[in-house]
Amino acid sequence: SYLFNMKSTLDDDKMKQKINEDDCRKALDACNETLKWLDENQLAEKEEFEHRQKEVEKVCRPVITKLYGGAGGPTMPGGPMPSEAAGGPAGGPTIEEVD
């Protein structure tokens, strides 16, 4: 879902006007490469999928941050929470801590 949302955002003509062409190309390449990997490795372990998502997020996060002008802007659907887009966890208590 993240990959398809990211590709859709990066392919949007309005968005392409707001971001550097090289950054857009790098992010799209990372998405396409990861989608190809997913097709070829459908039986991979959960940890492998999570690792691949983190790798593509490392490439895409700076592009989206520039696009929306920082963590204060909205995030794309299916993307990280605004505090995660800034590079860190939410910082508030988790459900486990409250219970």
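Colleague: Let's start with the layout. How many helices and strands does the protein chain have?

Modeller: Keep in mind that this is a predicted model. The protein chain has 6 helices and 0 strands, so the order of elements from the N terminus on reads α-α-α-α-α-α.

Colleague: What share of the residues is buried?

Modeller: Of the 99 residues in the protein chain, 26% are buried. The accessible surface is about 7000 Å², and carbon and sulfur atoms hold 50% of that.

Colleague: And how much of the contact set links residues 24 or more positions apart?

Modeller: Among contacts with a separation of 6 or more, such pairs account for 59%.

Colleague: Now pockets. How should I read one, and what is the volume of the largest pocket?

Modeller: The general idea is that rolling a probe the size of a water molecule over the atoms shows where empty space is left. In this model the largest pocket has a volume of about 150 Å³.

Colleague: Which helices each supply at least two residues of its lining?

Modeller: Those are α1 (2–11), α3 (21–40) and α4 (46–68). Lining residues include Y2, F4, W37, F49 and R52. By type, the lining divides into 8 nonpolar, 3 polar and 1 charged.

Colleague: On to charges. How many salt bridges does a search of the whole structure find?

Modeller: The general point: side chains of opposite charge can pair when their charged atoms come close. Here the search finds 5 salt bridges. One of them joins R25 and D29, with the closest N and O atoms 3.3 Å apart.

Colleague: Why can R25 and D29 reach each other?

Modeller: They sit 4 residues apart in helix α3, so about one helical turn separates them. R25 is partly exposed at 45% relative accessible area, and D29 is partly exposed too, at 39%.

Colleague: What about E50 and K46 in helix α4?

Modeller: E50 and K46 form a salt bridge, the closest N and O atoms being 3.7 Å apart. These two are also 4 residues apart, about one helical turn. K46 counts as exposed at 56% relative accessibility, while E50 counts as partly exposed at 37%.

Colleague: Last one: is E57 buried or exposed?

Modeller: E57 is buried, because its relative accessible area of 16% falls under the 20% cut-off. Its side chain meets that of R61 in a salt bridge (3.7 Å, N to O). R61 is partly exposed at 26%, and the pair lies 4 residues apart in helix α4, about one helical turn.

Methods
Residues are numbered from 1 along each chain as its sequence is written. This is a predicted model: local features need pLDDT of at least 70, side-chain atom pairs count only at pLDDT 80 or more; totals for chains, interfaces and linings use all residues. Side-chain values use heavy atoms; hydrogens and water are left out. Buried means under 20% relative accessible area, exposed over 50%, partly exposed in between (1.4 Å probe, protein chains only). Contact means heavy atoms within 4.5 Å. Accessible areas come from the Shrake-Rupley method with a 1.4 Å probe; for residues, only the protein chains shown count as cover. On a 1 Å grid over the protein atoms alone, a cavity is a set of points where a 1.4 Å probe fits but cannot get out, and a pocket is an open set with protein on both sides within 12 Å along at least five of seven lines; lining residues have an atom within 4 Å of a point. Grid points are joined across faces, edges and corners, and a volume is the space filled by probe spheres set on the points. Ala, Val, Leu, Ile, Met, Phe, Trp, Tyr, Cys and Pro count as nonpolar, Asp, Glu, Lys and Arg as charged, and the others, Gly among them, as polar. A salt bridge is a side-chain nitrogen of Lys or Arg within 4 Å of a carboxyl oxygen of Asp or Glu.
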